[in-house]
Amino acid sequence: MNAPRKRTVILISGRGSNMAALIDAAADPAFPAEIVGVISDQPNALGLGIAASRGVATKVIARADHASKDAHDVAIDAALATFGAEIVALAGYMRLLTTEFVEKWQGRMINIHPALLPSFKGLDTHGRALDAGIRVHGCTVHFVTPAMDDGPIIAQAAVPVLIDDDEPTLSARVLKAEHRLYPLALRLFAEGKVRMDGNRTAFSGFAETTSHDTVAAPSPAREEVDLEQLARITP
Ligand code: GRF
């Protein structure tokens with residue numbers, strides 16, 4: 001008999017394209033996580049309509065309706081309890097969570113960040129990547145710890161930075177990778193192949209021959225990279 005699917009709630013603030021990727025992956029009954037709810041701190045978040053159209057329960061918990069940041073996060077925590085959440089997936093949730101909240105959910109809360117951490121923490125990752133002139137960029141799924149964009153890394157996907165890239169082209173390439181990476185990472189976590197162990201991510205249950213392929217390079221790069229061009233500009 002299959003293990004029960006892990007009840008997962010997604011926190012969003014906006015567009016919700018990563019949320020949609022997770023919901024779509026979890027539409028497969030064999031996927032080890034079930035998306036039981038979406039919480040937004042923004043009443044007008046586009047993702048709310050997308051979630052509702054896919055039959056996922058949504059809840060708005062706006063900061064403005066709460067006296068303090070603490071009270072806001074307490075309300076989110078209460079909603080998570082109501083949903084029976086076992087996993088929290090941040091997907092473009094644009095507000096820093098309180099240390100109390102993070103510590104309560106530590107090891108059970110994951111986030112996607114549009115850069116190869118630990119480089120480019122914070123906002124405007126694509127613009128800063130272009131300014132820095134890096135030739136390989138990407139995205140990271142990691143466990144959430146109190147320091148921003150700092151927790152143990154679960155999975156990363158790399159994409160090339162092409163010489164004629166601008167922010168729109170680069171962010172679109174990374175976003176496409178995000179939509180493949182996040183479901184992969186949630187699957188690994190929900191099925192118990194990754195867990196947070198102190199300051200690290202512990203991996204288990206991988207077949208020797210597939211682990212590197214699955215965890216480190218889940219192929220969005222392979223699909224698009226012009227390796228010759230990358231090699232020419234990356235001595
Ligand atoms: C994504 O780039 C994600 O990595 C970052 O915020 C963005 C959210 O986009 N944390 P979306 O709402 O998932 O479309």
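Helix H6, which comprises residues 167–190, contains 24 residues and spans 33 Å from its first C-alpha to its last, close to the 34 Å expected at 1.5 Å a residue (the expected span being 1.5 Å times one less than the number of residues). Helices (H or I, at least four residues) and strands (E, at least two) are taken here as DSSP runs and are numbered from the N terminus. Just after H6, glycine 192 adopts a positive phi of about 85 degrees. The model is a predicted one, in which local features need pLDDT of at least 70 and side-chain atom pairs count only at pLDDT 80 or more, whereas totals for chains, interfaces and linings use all residues. Residues are numbered from 1 along each chain as its sequence is written, and side-chain values use heavy atoms, with hydrogens and water left out.

Strand E1, formed by residues 6–12, is largely enclosed by the rest of the structure, because five of its seven residues are buried (buried means under 20% relative accessible area, exposed over 50%, and partly exposed in between, with a 1.4 Å probe and protein chains only). E1 runs parallel to strand E2 (residues 33–40), to which it is joined by seven bridges, two strands being regarded as paired if DSSP finds at least two bridges between them. Within this pairing, valine 9 has glycine 37 of E2 as its bridge partner. The chain passes from E1 through helix H1 (residues 17–26) to E2 in a right-handed β-α-β crossover, that is, one in which the path from the first strand over the helix to the second runs clockwise when the strands point away from the viewer. E1 is also joined by four bridges to strand E4 (residues 87–90), again in a parallel arrangement, and threonine 8 stands opposite isoleucine 87 in E4.

The ligand is surrounded by Arg15, Gly16, Ser17, Asn18, Gly92, Ile112, His113, Pro114 and Glu178, where a residue is counted if one of its heavy atoms lies within 4 Å of the molecule. Polar contacts, defined as pairs of N or O atoms within 3.5 Å (within protein, one atom must be able to donate a hydrogen and the other to accept it, and residues adjacent in sequence count only if both atoms are side-chain atoms), include one from a polar side-chain atom of serine 17, which lies 2.5 Å from an oxygen atom of the ligand. A backbone N or O atom of glycine 16 is placed 2.8 Å from a ligand oxygen atom, and a backbone N or O atom of asparagine 18 lies 2.8 Å from an oxygen atom of the ligand. Of the 370 Å² of accessible area that the ligand has on its own, the protein covers 85%, as computed by the Shrake-Rupley method with a 1.4 Å probe.

Aspartate 41, in the loop between E2 and helix H2 (46–53), counts as buried at 4% relative accessibility, and its side chain makes a polar contact of 3.5 Å with the side chain of glutamine 42.

Most residues other than glycine have a negative phi, and most peptide bonds are trans. The peptide bond from leucine 117 to proline 118, however, is cis, with omega near 10 degrees, and proline 118 lies in the loop between strand E5 (109–113) and helix H5 (125–132). Phenylalanine 120, in the loop between E5 and H5, has a positive phi near 55 degrees and is buried, with a relative accessible area of 17%. Aspartate 149, in the loop between strand E6 (136–143) and strand E7 (153–160), likewise has a positive phi, near 55 degrees, and counts as buried at 11% relative accessibility.
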